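Please look at the sequence and the model before reading on.

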Amino acid sequence: MKHFSTKIITWYNQNKRDLPWRNTKDAYLIWLSEIILQQTRVEQGMAYYLKFAEHFPTVKHLAQADNDKVMKLWQGLGYYSRARNLHTTAKTIYTIYKGKFPDSHEEILTLKGVGDYTAAAIASFAFNKPHAVVDGNVYRVLSRIFGIETPIDSSVGKKEFYKLANELIDIKNPGLHNQAIMEFGSMQCKPVNPDCSVCPLNTNCYAFAKKVVADLPIKEKKTKVRNRYFNYMVFRNKGTIAIHKRTAKDIWINLHDFPLIETTNELSEEQLIKSPEWKKMLGKTKYSIKSISTSYKHILSHQKIFARFIEIDCKESLKTFLPNDILIIKESEIQKYAVPRLVELYLERL
Ligand code: SF4
């Protein structure tokens with residue numbers, strides 16, 4: 001289509017939101033915002049961006065920060081591998097690139113946690129390099145306007161959309177073009193019920209003309225979701241509480257939760273208390289069950305977690321029966337530790 005970029009940029013200049021990371025050319029801050037905004041809504045990501053930019057105004061500040069502090073600041077945002085990669089990459093830029101953010105697309109792409117989309121975003125926003133961004137918004141806009149029915153999650157589809165996006169880019173204003181198309185997808189060509197009557201591209205839009213807006217884009221696979229049942233053992237003794245730093249290759253690495261008995265299906269309280277895992281964890285220690293919470297449901301992209309918190313008062317020191325990888329801390333200090341949102345919700349209700 002002729003003038004695609006001009007139309008999108010004109011729309012953008014009239015309708016864009018004023019977002020702090022759009023007022024900078026600092027690649028570090030742009031990268032920070034892009035990592036925070038992956039799988040996160042702008043409204044939620046904003047507070048985190050401002051917090052990170054304030055605590056770590058430069059890549060050096062982030063590289064030299066304590067990992068627990070980074071994780072604590074990230075708490076509640078989810079997808080915690082982003083925070084770990086953010087910290088690792090800050091160290092890489094500080095040591096290998098002497099604190100100067102690399103400016104070539106190829107080098108940016110080698111950074112941990114940076115994929116095709118983020119590399120193109122940084123290269124174009126910070127350095128005005130002509131690399132098209134292709135995120136969910138861009139897939140939606142292109143599939144609808146150009147009537148592309150190739151599934152966006154197939155390798156053929158990815159190549160097709162990537163090629164088209166790069167053909168459409170305004171090579172004089174790649175950063176502006178990329179911002180514009182993403183904002184257009186986010187604000188105008190929304191996933192559900194976009195207001196096509198006010199859209200400046202409606203005369204050029206295949207989906208609008210053919211009345212297939214709701215059918216595009218097309219996805220091939222449905223994500224399989226696994227159910228997991230977490231029985232959190234909240235052990236207490238004389239003002240102390242037992243917590244556990246998650247280090248295994250699983251969700252929430254480096255965050256803290258409680259000693260856990262995980263099952264593949266839901267057990268009754270009686271079944272749980274009689275289970276070998278319960279007996280193994282408690283051994284011969286003397287305890288009383290103070291309460292068992294109702295189930296908390298927590299949905300992740302590929303997993304549904306059903307958690308309950310079993311509060312157990314112990315007669316003896318927690319160290320005597322819990323394994324060494326369990327931390328015994330003062331309960332009054334639990335707020336210092338980074339925890340997943342699920343545990344945070346439980347703690348808020350205490
Ligand atoms: S006409 Fe509707 S479907 Fe087409 S680009 Fe505009 S908002 Fe999207």
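How do the residues of the lining of the largest cavity divide into nonpolar, polar and charged? The model is a predicted one, and in it the lining of this cavity divides into 10 nonpolar residues, 1 polar and 2 charged. The lining is made up of 13 residues. Those nearest the centre of the cavity are Phe184, Cys189, Cys196, Cys199 and Cys205. The space inside the largest cavity comes to about 90 Å³.

The count of cavities of 30 Å³ or more is 2. The second largest cavity holds about 30 Å³ of space. Its lining consists of Ala132, Val133, Val138, Ala165, His177, Asn178 and Ile181. Helix 11, which spans residues 174-187, supplies the largest share of this lining, with 3 residues. By type, the lining of the second largest cavity has 5 nonpolar residues, 2 polar and no charged.

Is threonine 89 buried or exposed? Its relative accessibility is 1%, and because buried means under 20%, threonine 89 counts as buried. Which residues are in contact with threonine 89, once its neighbours within four places in sequence are left aside? They are Trp31, Leu111 and Lys112.

Methods. Residues numbered from 1 in each chain as written. Predicted model: local features only at pLDDT ≥ 70, side-chain atom pairs only at ≥ 80, totals over all residues. Heavy atoms only, no water. Buried < 20%, exposed > 50% of the residue type's maximum accessible area, 1.4 Å probe, protein only. Contact = heavy atoms within 4.5 Å. 1 Å grid on protein atoms, 1.4 Å probe; cavity = no way out; pocket = protein on both sides within 12 Å on 5 of 7 lines; lining within 4 Å. Points joined across faces, edges and corners; volume = space filled by probe spheres on them. Nonpolar A, V, L, I, M, F, W, Y, C, P; charged D, E, K, R; others polar. Helix = DSSP H or I, 4+ residues; strand = E, 2+ residues; numbered from the N terminus.
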